[in-house]
Amino acid sequence: MNKKFFTTALFIGIFSAANAELPEYFKTEVRHVCKHAHSYTAENSSVYLVKDRQGKVLGKVYTDRFDDAQRKFGYAGTIEVAVLTDTEDKVTGVLIGKNQETPRFLDRIRQAKFLEQWNKLHLKDVSGKKVDAVTRATMSCDAIEHSVRQIAADTLKQPLPGNSNDFKQSEIARLQKMQLQLQKMLDRMNAQRKQLKERTNEELEMRFISATQGPDAAVEFAQAKKLIYSVRRPHDQHGRNASNSKSSAHQRQAKQLSAVDKAAQAWKKSPTAANTSALKTAIMQELKQQLDSPASPREKNMQIRLKNITQQLNKLTESAKK
């Protein structure tokens, strides 16, 4: 290689690293933890000095410069992480960057103060720290913990957990299992959609049996007719945020019951011909609504997860070959 060209390329590489900007989303995260943070100077391609308005160094931001094949997959995707430290390299905050994760999981993690479990630890002690995952967000927690350990190992020039063959093989096996489970669930949803279109009358009858006689009778009918049956639940889209007050919870549920649930309640109180007709009409309208809807939010979420898992598996498989 031409010596002059090599020297120029090396200079450009060093200059680019030194002038790299800390992503804006990390700056926002830093300000939540360090109110006096004002400017950021690149020390190298992954470490930034945090300064106040007077130029005094307040600490450093160690960013996640790893590719996805070195990251651990969370619930819906990978999570970019950075570690904020003080001037003594003690952790003052774990920061969340770009990610494909479900927002409510990250909100749950923040509210449970999971990210604060590394605070006051020196970077050299991070790898040995055992942290408690947050219930119903364990996959997101595991992904974040893995990245925090990677940043600490990279800073201390230690072997990266994400580079080990054991990690890659374990991650491939875990994602393949998730991929299979999601595919089965989506296949079942597609089969149910096909059933709605091609066996509408039997679907209506099964739903009427479920509403009037209960799920056990509906299951028995489904088995006899070789249909797919899913248990219906009263429609309460805000159930996760329900008040502890029993009276307000009952009032809220009464307002948010679907037309089928209301018609079924009326039929059980008085199974008249008029109430029977009203229930069948409600069931038909609900079924038509489902047929007109291409995919539910839950199904779309599952499709996104499956796509992300498949992409991550491809990256890991290619990386494992190297």
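Of the 322 residues of the protein, 40% count as buried, where buried means a relative accessible area under 20%, exposed over 50% and partly exposed in between, with a 1.4 Å probe and protein chains only. The model is a predicted one, in which local features need pLDDT of at least 70 and side-chain atom pairs count only at pLDDT 80 or more, whereas totals for chains, interfaces and linings use all residues. Residues are numbered from 1 along each chain as its sequence is written, and side-chain values use heavy atoms, with hydrogens and water left out.

The protein has twelve helices and five strands; these are DSSP runs (helices H or I, at least four residues; strands E, at least two), numbered from the N terminus. Among contacts (heavy atoms within 4.5 Å) between residues at least 6 apart in sequence, 57% join residues at least 24 apart.

A nonpolar core is taken here as a set of buried Ala, Val, Leu, Ile, Met, Phe, Trp, Tyr and Cys residues joined through side-chain atoms within 4.5 Å. The largest such core holds 30 residues, and those touching the most other members are Val81, Ile109, Phe114, Trp118, Ile144 and Val148. At least two residues of this core come from each of β4 (79–85), β5 (91–99), α3 (103–111), α4 (123–126) and α5 (138–155). Helix α5 supplies the largest share, seven residues. Another core, of 13 residues, lies apart from this one and includes Phe26, Cys34, Tyr48 and Val61.

Two residues give a closer look at this part of the model. Beyond its neighbours within four places in sequence, Trp118 is in contact with Val91, Val94, Val126, Lys129, Val131, Ile144, Glu145 and Val148. Leu123 lies in helix α4 and counts as buried, at 2% relative accessibility. Not counting residues up to four places away in sequence, Leu123 touches Tyr62, Val83, Thr85, Asp89, Val91, Ala152, Thr155 and Leu156.

Aromatic rings come next. A pair of aromatic rings is described by the distance of the centres and the angle of the planes. Rings of Phe, Tyr and Trp (its six-membered ring) pair if their centres lie within 6.5 Å, and planes under 30 degrees apart count as stacked, over 60 as edge-to-face and the rest as tilted. By this rule there are four aromatic pairs. One of them joins Tyr75 and Phe105 edge-to-face, at 4.6 Å centre to centre and 80° between the planes. Because Tyr75 lies in the loop between β3 (57–63) and β4 and Phe105 in helix α3, this pair ties together parts that are 30 residues apart in sequence. Tyr75 is buried at 18% relative accessible area, and Phe105 is buried at 8%. The rings of Phe114 and Trp118 have centres 5.4 Å apart and planes at 85°, so this pair is edge-to-face; both residues are buried.

Charges also sit over rings (NZ of Lys or CZ of Arg within 6 Å of the ring centre and within 35 degrees of the ring normal). The charged end of Arg104 sits over the ring of Phe105, 5.0 Å from its centre, and that of Lys280 over the ring of Phe208, at 5.3 Å.

Helix α12 (297–321) gives the most to the lining, with five residues.
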